[in-house]
Amino acid sequence: MTTPRDLLIITMDLAAGRALERGDLSLALAGAELIDLLDAQAITLADDHIVPSGRLTVADRMLDEAASSLARQAPYDSVDDWLWRRGRDLSAAYLAALEAEGQLSRQRHRRWMIFQPTHLVLVDSPARRHAANRYASDEPVIAALAAAVGIGDKPTGESPGVADDAVATVLAAVHDAVRGLEAERQRRALDEAAFDNIWRGE
C-alpha cells in the first residue's frame, strides 16, 4: 500500500461519524503522493520546486498518474501549486480506486432514501490493518498528514520527527495549504452572512 491509500484508510477509520473537509483531505493526499514519489526517487526538490527524475513510472497506478502530471521542464511545479492542482477532487479518485481494489464496500442505509441509498465502508483487510499499524506506531509522516486533516492531537505546524528536509518541506506546504483553505472557507462564510444580513435589512 502507499501513503495516500494508508492516509485515506486511517481517515475513514478514525473519523467515522465526523464531518471532515474533503478539500483538506485531497490536499493531504496530494502531499502524501509527493512523499512517496520522493521515497521512490521519482522526484527531487530544488528549493520548493518538484524536479522529476529519469524514472517515468512507479508501481502504483495513482502514483504513476501523479508523476506523469508533473511539469518535466523548467519552470517546474512548485510544491504549493502542485498540491492545489493535483489535489482537486483527489479524495474522490482515491475512494474510487480503493473501491475498485475491493478495500471498500457499499453498505445500504437502513432508512429508504431517494438519493445515495448506500455509503462506502472499509472492509477488514491486510491493507486496513497495515494502515492502522502505521498510525498506531506514531510514524511522523503519517501522523503529520493525519493531523492536517484534523485527526489526532499532534501539532500541525511542525514535524519534529521528520529528518528528511524534502519531506518536511512537503508536509509544511500541506499544512499551509490546509490553513489557506480554511481561511478561504471562513471568508466566504462571512461574506455570505453579510449578504444575508443585507437582504434581511440588518
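**View 1. Salt bridge between Glu-139 and Arg-134.** In this predicted model, Glu-139 forms a salt bridge with Arg-134, the closest N and O atoms being 2.5 Å apart; the term denotes a side-chain nitrogen of Lys or Arg within 4 Å of a carboxyl oxygen of Asp or Glu. Glu-139 is partly exposed at 24% relative accessible area, whereas Arg-134 is buried at 13% (buried, under 20%; exposed, over 50%; partly exposed, in between; 1.4 Å probe, protein chains only).

**View 2. Salt bridge between Arg-86 and Glu-33.** The two side chains meet at 2.8 Å, N to O. Arg-86 in helix 4 and Glu-33 in helix 2 are 53 residues apart and link distant parts of the chain (helices are DSSP runs of H or I, at least four residues, numbered from the N terminus). Both Arg-86 and Glu-33 are buried.

**View 3. Surroundings of Asp-77.** Asp-77 lies in the loop between helix 3 (61-68) and helix 4 (79-87). Its side chain meets that of Arg-85 in a salt bridge (3.0 Å, N to O) and reaches the backbone nitrogen of Ala-71 at 2.9 Å. Asp-77 counts as buried because its relative accessibility is 13%; Arg-85, at 42%, counts as partly exposed.

**Notes.** Residues are numbered from 1 along each chain as its sequence is written, and side-chain values use heavy atoms, leaving out hydrogens and water. Because the model is predicted, local features need pLDDT of at least 70 and side-chain atom pairs count only at pLDDT 80 or more, while totals for chains, interfaces and linings use all residues.

Technical notes
Helices (H or I, at least four residues) and strands (E, at least two) are DSSP runs, numbered from the N terminus. A polar contact is a pair of N or O atoms within 3.5 Å; within protein, one must be able to donate a hydrogen and the other to accept it, and residues adjacent in sequence count only if both atoms are side-chain atoms.
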